[in-house]
Every structure is written in C-alpha cells, then in structure tokens.
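Subject: Handover of a protein structure

Dear colleague,

Please find below the structure that I am handing over to you. My notes on what was found in it follow directly after.

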Amino acid sequence: MVRASGIIKLAVLVVAFLLAVFVAFQLLEINMDFGALTSRSLPQNEEPTKHVRYKCGLSKACPNGHFSFKLASGAATVVGPRMCLEDKLLMSSVRNNVGRGINIALVNGRTGELIKTEVFDMWAGDVAPLITFLKEIQDGTIVMMASFDDVYTKLNDEAKHLISDLGSSVINTLGFRDSWIFVGGKGIRTKSPFEQHIKNNKETNKYDGWPEVLEMEGCVPQRAD
C-alpha cells in the first residue's frame, strides 16, 4: 500500500509538471505572436525621430534672407571668445585667432563670407590701430565684437564714437573688465538689437574679478543692395 501510494503521488507530480510546461509554452507562443502582431502593425515608412540641428547650433532656423549667428564673450583670462556665422567658426581659441581685448570679425553683408578677423589689446596695447581699423570698414559689412579680459582701459572717445556708429548702444558705458558682445554693421541706420553687457562687480561676478560669460544668438538680415 505504501509503495502504491508513493507511485500515485509521483505520477501526479509528473502530470502536474508536464501540464505546467505545456501552459508555459502556450503562454510564450501567445506572447511571441503578440509581439509579431505589434511589429507588423507599425507603419512601414515610420522612422525614429531625428534631432534637428540648426546652423551654429541655434535654437531655431533663421528665415530666408538672414544669416544665422552665435557668439560668446571670453571667460576671465582663461577661455577666449567664440564667433560663428552660417555654421562657420570665425573666431575661437581652437582657431587660435582670439586674444585679450576687443575681438572683431568682419563679414560681407551680402554673401556672408568672412573678410578678416583682428584682436586689439585694450590693456597693454595702443588704441590707434583699432581706430584705423574701424575707419577702414566698408559700408554693408557685418561687424561682430566680443570681449576677452579687458576692453576698456585704452578705449578713447574717438574709438567709442566709431563703434557707436556701427550700432552699439553700450560702448559709452563699458567699464574695466566688463563682459560685452555686439553685432552691428557699417552704414546701419538704427541701433543694433544684438548687444549684451554685464558690468564687472565684485558682489555679483561669477569669476574672481570678472563677470560671467555672455552668449547670444540671432538672425542678421542679409544686405540686398
């Protein structure tokens, strides 16, 4: 009787195990069929969402007849300014064409092509070369400027007047080690909307002796005539 009872129990366990295996395979088959069905139900031409990148990394595209730009001031005396127009890097530490003082890029207002870049040291340099440079800018030229370290010490009234004529509203209030970025143009009839300025203030400076970096992006109208 004991042996018969043990055999019966073993048989029940085997049957239960086989039943469990059968149910498991059935569920797996159903899940696989559901996965296949789900995959087939997706539209054939659907593609993963792609990240759209605009020129110079702008947050949105510029309208037709405008140039995309983005620029940043220097960070204390460590990282130089950066200027980009139409996805072309005009000035940066990587290009090794930036330095202490006023960093300037001149761009053809009709074609968007870079004309030249220059750096004028306003701490230990001479303001005369800057004045000569500003006077020689041709009408229709886009002018991009960015500060690095100090742009104020050697700046005189004549230089300020010439920069004001390019559309700057801030140039006459610049101070020692202020952060400043500006986009204007020769022959502009109004003040430029593309200008930012942060005063050097020991109470609010992000760096020791210098304010934080300024960044600006926008769309400059292309000169048509």
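Predicted model: local features only at pLDDT ≥ 70, side-chain atom pairs only at ≥ 80, totals over all residues.

Which residues line the largest cavity? They are Gly74, Ala75, Ala76, Ser147, Phe148, Asp149, Arg177, Asp178, Ser179, Trp210 and Pro211.

Residues are numbered from 1 along each chain as its sequence is written, and side-chain values use heavy atoms, with hydrogens and water left out.

The cavity and the overall chain

On a 1 Å grid over the protein atoms alone, a cavity is a set of points where a 1.4 Å probe fits but cannot get out; a pocket is an open set with protein on both sides within 12 Å along at least five of seven lines; and lining residues have an atom within 4 Å of a point. Grid points are joined across faces, edges and corners, and a volume is the space filled by probe spheres set on the points. The structure contains one cavity of 30 Å³ or more, and the largest cavity holds about 60 Å³ of space. Its lining comprises five nonpolar, three polar and three charged residues (Ala, Val, Leu, Ile, Met, Phe, Trp, Tyr, Cys and Pro count as nonpolar, Asp, Glu, Lys and Arg as charged, and the others, Gly among them, as polar).

The protein chain has three helices and nine strands (DSSP runs numbered from the N terminus: helices are H or I of at least four residues, strands are E of at least two). Their order along the sequence is α-β-β-β-β-β-α-β-α-β-β-β. The chain has 225 residues, of which 37% count as buried (under 20% relative accessible area, with exposed over 50% and partly exposed in between; 1.4 Å probe, protein chains only).

The nonpolar cores

A nonpolar core is a set of buried Ala, Val, Leu, Ile, Met, Phe, Trp, Tyr and Cys residues joined through side-chain atoms within 4.5 Å. The largest one has 24 residues, and those with the most contacts inside it are Ile102, Ile104, Leu130, Leu134, Met145, Leu155 and Trp180. At least two residues of this core come from each of β4 (101-108), α2 (128-135), β6 (141-148), α3 (157-165) and β7 (179-185). Helix α2 gives the largest share, four residues. Apart from this core lies another, of 18 residues, including Leu71, Leu85, Val183 and Met216.

Ile104 belongs to strand β4 and is buried, with a relative accessible area of 0%. Leaving aside residues up to four places away in sequence, Ile104 touches several others (heavy atoms within 4.5 Å), among them Met83, Phe120, Leu130 and Met145. Ile104 and Leu130 are 26 residues apart along the chain, and their C-alpha atoms are separated by 9.9 Å.

The largest pocket has a volume of about 450 Å³. It is lined by 21 residues, of which Gly185, Ile188, Val220, Pro221 and Arg223 are the closest to its centre. Strand β7 supplies the largest share of this lining, three residues. By class, the lining has seven nonpolar, nine polar and five charged residues.

The second largest pocket holds about 210 Å³ of space. Of its 16 lining residues, Ala72, Gly80, Pro81, Arg82 and Glu215 are the closest to its centre.

Yours sincerely
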